[in-house]
Structure formats: structure tokens, C-alpha cells
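Subject: Structure handover

Hello,

Here is the structure I promised you. Please open it and keep it on screen while you read.

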Amino acid sequence: MGVGMMLGAHIGPRARATIEQADVVFGAVSDPLVELWLQQMHGDVRSLQPYYAEGKSRHDTYREMIEAMLAEVRAGRQVCGAFYGHPGVFARVPHKAIAQARAEGFEAHMEPGVSAEDCLYADLGIDPGDVGCQHYEASQFLFYRRRVDPSAYLVLWQVGVVGDRTVTRFNTGPAYRRLLVERLAEDYPAGHVVTLYEAATVAIAAPRMEQLPLSRLAEADLRMQTTMVVPPAVALRRDEAMMEKIRRLDDGVQARVERARTGEEDAASDDHVDTPRGDAAIPPHLPSRAAADRHAGDHSIA
Ligand SMILES: C[S@@+](CC[C@H](N)C(=O)[O-])C[C@H]1O[C@@H](n2cnc3c(N)ncnc32)[C@H](O)[C@@H]1O
């Protein structure tokens with residue numbers, strides 16, 4: 001179950017009911033207050049936090065967490081994992097626990113919650129449909145060659161432990177962040193302003209939305225709960241060749257409609273209209289060529 005980011009404010013009725021009706025609840029939440037709140041919902045809440053330890057591989061931690069939950073499932077109990085945010089977003093344990101339970105013949109289900117990503121869009125006023133939005137785990141972003149699109153947003157998760165190959169650390173440090181800056185410098189200018197974002201986890205707190213140039217990132221305060229948002233650095237570039245192909249298709253459709261209107265062609269029997277997918281009916285009111293061009297230039301969504 002996802003319990004959302006903010007204590008008591010983001011949990012859905014289905015997640016709440018599942019927690020209340022379970023035999024046992026395992027909790028992996030963002031802070032001790034949230035854990036106390038969870039304990040008010042159920043008498044047997046077992047924290048998964050003690051499985052984490054500095055210097056211990058998170059792979060071992062995750063294995064142990066899954067095993068703890070599965071042991072209760074095998075014992076015939078209704079088990080619920082309550083995870084902060086959305087249990088399926090940048091979260092390995094819920095996905096693996098569900099897959100393992102199903103592989104062993106048990107029923108398992110994931111209930112979404114409000115994630116850090118959702119809060120980020122609301123707090124920072126970003127619409128991912130505006131110019132697009134790329135999400136990467138920060139270390140994976142460094143370890144592998146990715147094709148960054150600097151005309152879209154870039155969101156880097158787990159930036160506080162960027163570069164940790166051992167998956168044992170709670171923080172890396174300036175030297176690792178300098179490598180991240182070096183990588184980002186391939187696509188962004190050094191003065192490009194990014195945001196360090198931390199959603200509020202209690203209603204009385206404010207989110208952290210600290211802006212700074214990339215050149216100052218190495219010395220910044222990056223924590224386990226920090227997500228970094230890199231806004232676009234360049235404008236969208238129109239694909240003129242593709243636009244021309246679309247215009248030609250539009251012209252063909254428009255011409256058929258005109259012919260049907262003037263009686264040269266029977267629109268009702270025309271089931272071979274040359275639309276992009278070939279299977280769509282002729283829209284009753286096609287936009288004019290000028291309107292279609294105007295619309296193609298509008299890259300935002302409704
Ligand atoms: C293991 S992921 C868990 C994400 C979580 N499942 C969710 O739905 O948001 C941990 C990462 O989520 C992000 N995160 C966690 N808490 C956050 C918060 N309060 N504000 C912003 N990002 C947060 C950070 O990037 C952090 O390194």
C-alpha cells in the first residue's frame with residue numbers, strides 16, 4: 001500500500017482499509033512520526049527501518065525485508081506492506097515482494113499512493129506534459145550512457161547517494177557530486193539553475209525548493225530525501241521533415257472531405273480514408289490547414 005508523502009493527507013481509502021484489515025502490517029515510512037500514525041491504524045505494525053544500516057548492502061536489506069513479509073504470507077496471514085509515497089515508484093521491495101508472493105501462488109496487489117513525483121509537480125508548478133520529463137535514478141544516470149534531452153525536464157532521484165556502487169552508503173559526498181556535475185555539463189551550461197526538492201512530510205512543514213547553479217551542486221546539502229530537478233536548457237526543436245509528412249496526410253484527408261462534400265465521392269462508403277492509422281472515420285469538422293498548423297505549434301496539453 002502507498003501511504004503518500006504527507007502524514008495522513010495522501011492515503012487513499014482502499015490503502016487505509018487494507019492496512020486496517022490486515023493481520024500484520026510492515027511499515028517502511030519516511031519518518032518516525034509517520035510510523036506512529038501508522039501504528040494508530042493497526043495494532044501490529046512492524047517497522048522495516050531496522051533492516052537498513054550504514055555499511056550494509058541495500059540488496060541484503062531488501063532481501064531480508066521481502067523474506068520477513070513472505071514468511072508471514074506463508075504462515076497464512078493477510079500481510080500488508082505500507083510504504084511511503086507510491087509503493088511502485090523508485091521502490092524495489094514492493095515490486096519484488098508482490099512478484100515473489102505471486103510466484104509462490106499467493107494473491108498480491110499494489111495500491112498506489114501519492115509519490116514525491118506527484119508532490120514535485122504540484123509544489124514546483126511543473127506539468128510533465130508541457131515539454132516532457134525524464135526520470136532517472138542518479139547513480140544509474142552516472143553509470144550508464146543515457147541520451148539526455150535538454151529540451152525536457154530532467155529529474156534525478158536518490159541524488160544524495162549518487163555514485164554509490166556499493167549500495168551501502170547513506171550519503172556519498174562532494175567528489176561524487178562533482179562527477180555528476182561533469183556528466184551534466186555535457187548537456188547543460190555550468191550556470192544552469194537546478195532545484196533541490198524535498199516534499200513536506202507533515203502539514204506544518206514547508207517543502208524544500210532550493211535553487212542553485214549546477215556549478216554549486218558539489219557543496220550543496222543533498223540528503224536521502226532530496227530529488228533534483230533540472231529544467232530545460234534549450235527550446236523544443238521542431239522536426240520539420242515529420243511535420244511536412246503530417247501536413248501531406250492532412251491535405252489528403254482534407255481533399256477527400258471536400259470531394260465528399262461536393263458529391264464527387266460518397267463519404268459514407270469511403271472506408272479507405274487515408275488517415276495516419278487508416279482506420280479512423282472522417283471527423284465531421286476537420287480543422288483548416290492554418291488551424292492544424294497552429295495546433296501543431298502548441299506543444300502543451302489541454
Ligand atoms: C527509494 S525512493 C522512494 C520514492 C517513493 N516511493 C515515492 O513514491 O516518492 C527514495 C527517493 O525518493 C525521493 N524522495 C523521498 N522522499 C522525498 C521527499 N520528501 N521529497 C522529495 N523526494 C523524495 C528521493 O529522490 C529519494 O532519494
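Below is what was found in it.

This is a predicted model: local features need pLDDT of at least 70, side-chain atom pairs count only at pLDDT 80 or more, and totals for chains, interfaces and linings use all residues. Residues are numbered from 1 along each chain as its sequence is written.

**Overview.** The chain has 10 helices and 8 strands. These are DSSP runs, numbered from the N terminus: H or I of at least four residues for helices, E of at least two for strands. Of the 302 residues, 27% are buried. Buried means that 20 or more other C-beta atoms lie within 10 Å of the residue's own; exposed means 12 or fewer, and partly exposed is in between, with C-beta atoms placed from the backbone.

**The core.** The largest nonpolar core holds 56 residues. Such a core is a set of buried Ala, Val, Leu, Ile, Met, Phe, Trp, Tyr and Cys residues joined through C-beta atoms within 7 Å. Val3, Val25, Ala82, Ala138 and Leu156 have the most contacts inside this core. Strand 5 (residues 153-157) gives the most to it, with 5 residues. Domain 1 (13-103) and domain 2 (116-230) each supply at least three residues to this core. The domain bounds come from an automatic or database domain assignment.

Take Ala82. Leaving aside neighbours within four places in sequence, its contacts include Met1, Val3, Ile19 and Leu38. Contact means C-beta atoms, placed from the backbone, within 7 Å.

**The ligand.** There are 18 residues around the ligand, and Gly85, Ser115, Ala116, Ala199 and Gln225 come nearest. A residue counts as near if its C-beta atom, placed from the backbone, lies within 6 Å. Domain 1 and domain 2 both give residues to this shell, so the ligand lies between them.

**Two helices.** Which residues of helix 8 (residues 174-184) are buried? They are Tyr176, Arg177, Leu180 and Leu184. Seen down the axis, they fall within an arc of 100 degrees, so they line one face of helix 8. The arc is that of the directions from the helix axis to the C-beta atoms. These buried residues pack against helix 7 (138-143). On the other side of helix 8, Pro174, Ala175 and Glu182 are exposed.

Helix 5 (residues 116-124) buries Ala116, Glu117, Cys119 and Leu120. Their arc is only 160 degrees, which puts them on the same side of helix 5. Strand 6 (193-198) and strand 8 (227-230) are among the elements that cover them.

Best wishes

Notes:
Contact = placed C-beta atoms within 7 Å.
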